Amino acid sequence: MGLLRYVEGSWALDQYRERFLRHDLDCLVDLHKQALMNQCRPHFATVRVFSTDPDFREFNIAQISSALAAQYPTNDCMFDLRYLTVRNGEVVDAHLIPWQYLQDGTVPGVTDPDQFRVDIPSDIDPMHLEPGAG
């Protein structure tokens, strides 16, 4: 039913669901007899970055994308970024930046960083709080 609403234009898909649908249609190419869209199966992750820099706009999106692509080489990877600010060996702030803000390689025009502030996760591995750990 959702597919019909999408096709008729009354329902929008987020990028992840659209890529998943394109992948599924590629798997059914023998049935629908349309050209392949060459869509790899999408993989969505939430990536954690630990940093002593409180400015969450200062991270390397390309490096994160490359690391995910290396870990999931047959997938089309997308991610939300959970940016955790570390001070004196503990996480003092957390921001969650959705994929829609990251997909072009930058965090564009963020005038209010508080719009991305979230609760600090309770499942933080203390190993990641060590200097030089990732």
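Is Asp93 buried or exposed, and what is its relative accessible area? In this predicted model, Asp93 is buried, at a relative accessible area of 18%. The legends below describe the salt bridges.

**Figure 1. Salt bridge between Asp93 and Arg117.** The closest N and O atoms of Asp93 and Arg117 are 2.7 Å apart. Asp93 belongs to strand β3 (residues 90-97), whereas Arg117 lies in the segment after α5, so the pair ties together parts that are 24 residues apart in sequence. Asp93 counts as buried because its relative accessible area of 18% falls under 20%. Arg117 is partly exposed, with a value of 41%.

**Figure 2. Salt bridge between Asp114 and Arg117.** Here the side chains of Asp114 and Arg117 meet at 2.1 Å, N to O. Asp114 is partly exposed, its relative accessible area being 45%. Arg117 is likewise partly exposed, at 41%.

**Figure 3. Network of salt bridges linking Asp93, Asp114 and Arg117**. Arg117 forms a salt bridge with Asp93 and also with Asp114. Within this network, Asp93 is buried, while Asp114 is partly exposed.

**Figure 4. Salt bridge between Arg48 and Asp123.** The side chains of Arg48 and Asp123 meet at 2.6 Å, N to O. Arg48 is placed in strand β1 (residues 41-51) and Asp123 in the segment after α5 (99-102), so this pair ties together parts that are 75 residues apart in sequence. Arg48 is partly exposed, with a relative accessible area of 30%, whereas Asp123 is exposed, at 54%. A search of the whole structure gives three salt bridges.

How values were computed
Residues are numbered from 1 along each chain as its sequence is written. This is a predicted model: local features need pLDDT of at least 70, side-chain atom pairs count only at pLDDT 80 or more; totals for chains, interfaces and linings use all residues. Side-chain values use heavy atoms; hydrogens and water are left out. A salt bridge is a side-chain nitrogen of Lys or Arg within 4 Å of a carboxyl oxygen of Asp or Glu. Helices (H or I, at least four residues) and strands (E, at least two) are DSSP runs, numbered from the N terminus. Buried means under 20% relative accessible area, exposed over 50%, partly exposed in between (1.4 Å probe, protein chains only).
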